[in-house]
Amino acid sequence: MDIDFTRRNKKPRPLSEVEKEKLDEFVDAIHYSARYVVYNGPSSVTDYSFRVRYSDNEYEYRHVQLPKQMLKAIPKEYFDGSRGTLKLLWEEEWRALGITQV
């Protein structure tokens, strides 16, 4: 998987306590894609009628949807102005937003 690491801050940008408090109210509304079982074997089966599970030998990747109102409370330094999307966040940054991988 090719990841463009230039699309993130040079170093993690920590949130202030005030910023964290503003984001706390949205944490319960974060939506995570479901995990799906992928059978690896002679008759490999993957259910493509659902979202595909992305993984490599080290990590599992999931889609995360943030509430629209939450986006307004996220610091501008977390956004890629040329694309109008969030940057690739450091682990410390996405965890500070309240995103977990449970």
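Colleague: Which element gives the most to the lining of the largest pocket?

Modeller: This is a predicted model, where local features need pLDDT of at least 70, side-chain atom pairs count only at pLDDT 80 or more, and totals for chains, interfaces and linings use all residues. Residues are numbered from 1 along each chain as its sequence is written, and side-chain values use heavy atoms, with hydrogens and water left out. The largest pocket is lined by 25 residues, and the elements giving two or more of them are β3 (60-61) and α3 (91-96). With four residues, the one that gives the most is α3.

Colleague: How much space lies in the largest pocket?

Modeller: A pocket is an open set of points on a 1 Å grid over the protein atoms alone, where a 1.4 Å probe fits, with protein on both sides within 12 Å along at least five of seven lines; lining residues have an atom within 4 Å of a point. Points are joined across faces, edges and corners, and the volume is the space filled by probe spheres set on them. For the largest pocket this space is about 1,200 Å³.

Colleague: How many charged residues are in the lining of the largest pocket?

Modeller: Tyr61, Arg62, Leu88, Leu89 and Trp94 lie nearest the pocket centre. Nonpolar means Ala, Val, Leu, Ile, Met, Phe, Trp, Tyr, Cys or Pro, charged means Asp, Glu, Lys or Arg, and the others, Gly among them, are polar. The lining has 14 nonpolar residues and two polar ones, and its charged residues number nine.

Colleague: How many helices and strands are there in the protein chain?

Modeller: Helices (H or I, at least four residues) and strands (E, at least two) are DSSP runs, numbered from the N terminus. Their order from that end is α-β-β-β-β-α-β-β-α. The totals are three helices and six strands.

Colleague: Which element has the lowest mean pLDDT?

Modeller: pLDDT is the predictor's confidence in each residue, from 0 to 100. The chain averages 82, and 79% of the residues score at least 70. Over residues 47-51 the score stays under 50. Helix α1 (residues 17-24) has the highest element mean, 96, while the lowest, 73, belongs to strand β2 (residues 54-55).

Colleague: Why does Leu97 count as buried?

Modeller: Leu97 sits in the segment after α3. Buried means under 20% relative accessible area, exposed over 50%, and partly exposed in between (1.4 Å probe, protein chains only). Leu97 counts as buried because its relative accessible area is 1%.

Colleague: Which residues does Met70 touch?

Modeller: A nonpolar core is a set of buried Ala, Val, Leu, Ile, Met, Phe, Trp, Tyr and Cys residues joined through side-chain atoms within 4.5 Å. The largest one has 13 residues, and Leu23, Met70, Ile74 and Leu97 touch the most other members. Contact means heavy atoms within 4.5 Å. Not counting residues up to four places away in sequence, Met70 touches Leu23, Phe26, Ile30 and Leu97.

Colleague: How far apart are the C-alpha atoms of Leu97 and Leu23?

Modeller: Leu97 touches residues including Leu15, Val27, Tyr78 and Leu89, as well as Leu23. Along the chain, Leu97 and Leu23 are 74 residues apart. Their C-alpha atoms are separated by 6.6 Å.

Colleague: What is the relative accessible area of Leu86?

Modeller: Leu86 is found in strand β6 (residues 85-86). Among the residues that it touches are Arg7, Leu66, Leu71 and Phe79. Leu86 is partly exposed, at 24%.
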